[in-house]
Each structure stands twice: as C-alpha cells, then as structure tokens.
Amino acid sequence: MKITKVKTIDGILGMPVTTEMDAIVERMRSDTTRDAVQDIVRQANYRRLDPKNNHLLGALDATDKLPRLIFSGTFGRSGFEDLRTMTGLLLMDVACPEGMEQVNKVRQRVAAVPYTVLAFAGSSRRTLKVVMRVGFADGYEPQDADEYLTLLRQAQETAVPIYQTLAQCELRCQELSLISGCRMSHDPQLFYHLDAQTLPVVREPKGVLTPYQNIRMENDGSVLDFPTYDECERLRTEFYTCVRHAFEAQQEGEDDEALLVRLAQYCRKAGLAEEACVKRTMWLSEISQSEDVVRKVFRAVYFKPYNGKLLSQMNEKERIARTIREFMTRRYQLRFNEVKQVVEFRANDQTFRPWQPLTDRDLKCMTFEEMLEGGHGWSIDIELYVQSSMVPVYNPIHEFLGGVGLWDGKHDYIGDYARRLKTDYDRWPHFFHRWFLAMVAQALNKSRDYGNSVVPLLIGSQAMKKSTFCKNILPYALREYYMDDIKMDNAEQVERVLGRMWLVNIDEYNAKTDREQAKIKRLLTEKDVQVRKMRTDQYTMTPRLCSFIATTNERQPLTDPTGSRRYLCVEMTGQADMSGHINYRQMYAQAVAELERGDIYWFTNEDEAEIVAHNMGYQQMSSVEDVLASLFLPAEHSKEYFLTTTQIQQKLRESLITSDVPTLRKLGLALKRQHFPYGSLEGVHGYYLQPRSAG
C-alpha cells in the first residue's frame, strides 16, 4: 500500500512524495531515525524545563530531519489539491504522559483490536500513533475528496468508543483534513498488520433523494412499489405448496380448524408473512371458517414473545402499547406524507392496493379490528401510535425525483419541452431551462438563499393550450400537486398552498387586481412558509415548495415596472404542441443531474436586466404616464430643468381638467416608471424634465 511522505523546512510542508508503507515501517524499525528522534525528545525536554527561554534554545529544528507521514491518501504532482488515491487509513493518537513504559502497554492492547493497521510510538515518546482501516459499512466508495473527508470524520467519532472499550484507551480527536499526519518515528517494537479488518462506518444519507433511490417507476411518475412477477409467483407457489402439504396430511374425520392449524404451521416454517397467508387462506374454497377464526388460528401459531418477554410479565400500559404496535405493523403499512401532512395506509397483506389517506372512519375500523383480536386499546391509543414519529416520513416528490434514474447526458430534454411552446422569443428555451431547474431545486430545498422568484407569463389568445402546457410540466402521477389558480383572499390558504403545491398556474393573470398582483410579488420572494396546524393555534415553519407559472390573453399584462423582473413574458405565435410522448423520467433526471453538478438554478443580475428590457414591450402605460410622455422629456441634471412633484402637478393642471389631475402619489409612481432623472437641489427632492415644445 502506498502512502505519502513530505519533507519540511522550518515546519513548512514541501511537495508530497508517494512511497510504499512497507518501506516506511522498515525505516521506523531500523536505527536510521533514532538520532533524530532523540534530538526531538531532548529539545522538547529543554522546553518543558525552561519554557521562559525558548527563544535561546531555538526551534525544534530536529523535526525537519524526519519527514511527515500522511496515511489518508496519495497526491499528484500538482500538490495537495490533487488527491489521487484514497487509502481508507485514519491516523489517531493516544496520550501517554508517563512515557515509553505506558506507550508499550497501550500498544499491546491496541494491537488486539482487529481494525489496527499500525501502532508506533510518537517522536515525542509521549504519544502512541494508531493507524486504522476504515470504510462505509454498506461498501459505498467515496466519489470525491469531500465525501472521503466525511468518511474520515465519521470514522473518528466511531473509533473513540470502540477503542475505549476494546483497548481501554482514549483516542484523541483532532480537526481532520486530508493532509493530517505525523512525523516519522523510531520504534523497533511497533505493531504492523496490513491485512487488518475495516472499521465499519454507517453512512449518513447524502441528500433527501437517497432514501428513494433504486425504486421502480413508470414514466408518468407512478411508483411500482409492488414485487415483480417472479416474486409474486414465488409467494403464490410457496403458499400453495404449504396448502398441498396441509391437505395431504389431513386425517379422516379431521375438522377445518385442525387443518387450519396445520396450514398455519407450514406457512410459519416456510417463513411466509402472517397477514399475506391469512388473506390467501380466505380465498380458498375448501376453508369454510370465518375470517375471525382464521385470524385467531394464525395468530396463535405465529405468536411469539416480545423480545423474549411474555405478556404476563408486563404491566397494563406496556402490554397495550406493545400489542398495538405489533398489530399495526402486522396488519397495515403506514407512512406520513409530509407534503400533504396526512397519514396514508394500506393493508399489509401483500396485495399492494393503492395508498389511502387515513380517515376517522378508518381509525375506528382499526380500533375495532384490534379489539376483535383480543386487544385492550382504545381509539385514542391507536391514534397516539398513528400520529407519532414511529410512522416513517414519506415525500412523494422526493420519491419521484429519486426514482427517475440517471440522465443519459446526450440530449436536452428540458429544452425539448420548452420548444413545444410556439414563440419567436429565441431566449425562451434558455430561460425556461433555468426556471425548471429552480422549480426542482425548490422541491429539494436546495438552497436557503435563492427561491424560484421568476414567473413565466404565457401570452396568447384562447385555445392556444397555454394551460395544457403548464399542467403537463408535472407528470400525471403528481398532478395533485398542481393547481390552476390561487385565491388571494384567504391568507392561511395561500400559505398552505406554498408548502403543499409544487406548481401553481396563475390563470388569467390580467384579471388579478393590483392588490392581488402585489401579494403574488411578495410570495415569490418567500423562502419558508409559516403554516398553522389544523385544529391548533400552533404555527410551524415549512420550506416553500411552490413555484409559479402564469397565463393571460392580455397583450400588455404588466402594470408595475418595479416588479417586471419577476415575470418572463412569452408571446405565443401558435398553438402549443402537446402531442407525442413526454419523457418525464429523462427530463427530471437531467434537472437532478445538473443540480448535483452545480449548475446555476437562479436568475443572475444580468438575467434580470435582460428580462426587464424584454418586458418593456409588455408594460401597460397609465393615462398619467401617457400625459407625462406627451408633455415632457427627460432632461440633464441642470437647475433650470429641476421641478418638484408638486410643481409638476401644477404644470399638468394647465393641460388637464381638474378631475384628471393625478394625486401626488400616482404622479410620483408615474415619474418613476417613465425613468425621469431623480435628484435633489438644495435639500429639496425632485425630477429633471423639460417641456417637449422646448426640445
């Protein structure tokens, strides 16, 4: 195995050199390093004896005689930024303040730990250096330097309690980096075992999609969470084999209950799930017993103590709690949909029926079924379990994104979808691509700095399939997380939509009032949503999920130039082409892959400036702005052209009837929208403009 050694000058690291670990071990065993180590020890002792005169004794220049050893990896010619190989070796040390006598004792104990590759005395003779082999327990190989450093840090935390227990020593944790190392030392009695076992480290999920990887999924987003045909056939074959054996062993005059007992025994020996066998037993025409009898027979055969503890050894509360947990996990599959904020369930009988929201009726039915089995739980006890964190959390959007698979990297599927919209705006595919990445990043809670604050605004007449284009952005199975409009008059509903819907189409945007449009503009900048839990007065902060798109028939839908950077106006030239297959899996796989490689998913200042310039042709002009444009031109910053807002209002009175003269507030907004130069003169604020007649 190769490691790295580095020479130093005055403690400064030189260029890394790759060397064989066997050669380093032989050198530490030989006497070639003994003199340098003795010099280090002697100078260190001088410092301890006379710390006030360190400047007279000089630096520990003897350390430069020994190279520094880096066990974690090897590096290329470019230096420490060029990590070439990851050795999976972690260096830690044990403090031995009593000197070599303590070092020798601890080394013997450390050598007995199966993960120890190397153990040697430090050059100060007051520490024992321990090198161990580490790796992720699931066999996952780090893909880059950051993941490898994460492995070493987690291994450091894992190793401390293990060595403390097995070797009765306390490993010292330190701030790790890929160039953490120690000086070469001299230790003829060092321990070296290159074939040591790997210390298993539990890998923490890298991201929110990790729990959903390797699932099977249709292109429309439907998850195939049931076994393959071969697996189903295997279950059917094994069950009916048990049935055949049970009937073959049936004796003359034997009743159905004895046959049931024998069938349950065969099923249990075959390792088949109890609930699946109960369901399939009820399908047998030869069995005339009721479902209640079948369940009791199978329960009696399958029952075993809870971790070796009998029900008779428990108090009442423990007995009820354990029986409820056992009943629920045996009879049902439960999950908490964190997007909908509801518990979903289905029978755990391997028929794999669709998941359903858990209603009060379902909860009462579960309670009654538990009572029929002899349980003593009340509905409040069942509800306590169902509403607890013992039910696993599930995110349908993360499940979809985690199951789309890998992008082929050869085609722009997002751009293909953008080009289904017929428009002469050549920048549309580029900006739609950026917006689509932002929508996916929003669902992944990718960043707390950038929300999806831009709304594509599709402009076209009726029957141009604007809404169809918007709806088909999401695959069919996720359409319940799409909304055609949002009502702005209910604040709590609006906040709930931001955390509940993935995509909202603001249909007929031009029909929104100025107040509603201002509220939409505010919502676009929110990163988190404060939602009140139903039936309580508690509020929780939920990451915003929702992104927006909009449609309109109005050719000039924008009324507020200050917010035009939030909208991307796209005028359609024809009907959107929604025919043919939409490759959702590759479209979303492309987005996930681009986000993972670090592509920009937010609109930069340059993008926003380009959007504002593009939107000017879609900006409505008010009557006040029309009058200003007809009477005045922007002027240079000169005293003769300076007018306050009040003075401009007086000028307008000369050309307008009293009822048409704008208020000072509306006039100020109009001047700002028309980009008249603004400034101050002698402490008075105003604008610079000149009459058109004077131009």
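View 1. Alanine 36 is buried, with a relative accessible area of 10%; buried means under 20%, exposed over 50% and partly exposed in between, using a 1.4 Å probe and protein chains only. This is a predicted model, in which local features need pLDDT of at least 70 and side-chain atom pairs count only at pLDDT 80 or more, while totals for chains, interfaces and linings use all residues. Residues are numbered from 1 along each chain as its sequence is written, and side-chain values use heavy atoms, with hydrogens and water left out. Alanine 36 lies in helix 2 (residues 34–49); helices (H or I, at least four residues) and strands (E, at least two) are DSSP runs numbered from the N terminus.

**View 2. Helix 9 and the helices it packs against.** Helix 9 (residues 291–302) has twelve residues. Its span from first C-alpha to last is 16 Å, close to the 16 Å expected at 1.5 Å a residue, where the expected span is 1.5 Å times one less than the number of residues. Among the buried residues of helix 9 are Val294, Phe298 and Tyr302. The buried residues of helix 9 pack against helix 7 (256–269), helix 8 (274–282) and helix 10 (316–331).

**View 3. Strands 17 and 23.** Strand 17 (residues 455–459) runs parallel to strand 23 and is joined to it by five bridges. Proline 456 is opposite leucine 568 in strand 23.

Notes: Contact means heavy atoms within 4.5 Å. Two strands pair if DSSP finds at least two bridges between them.
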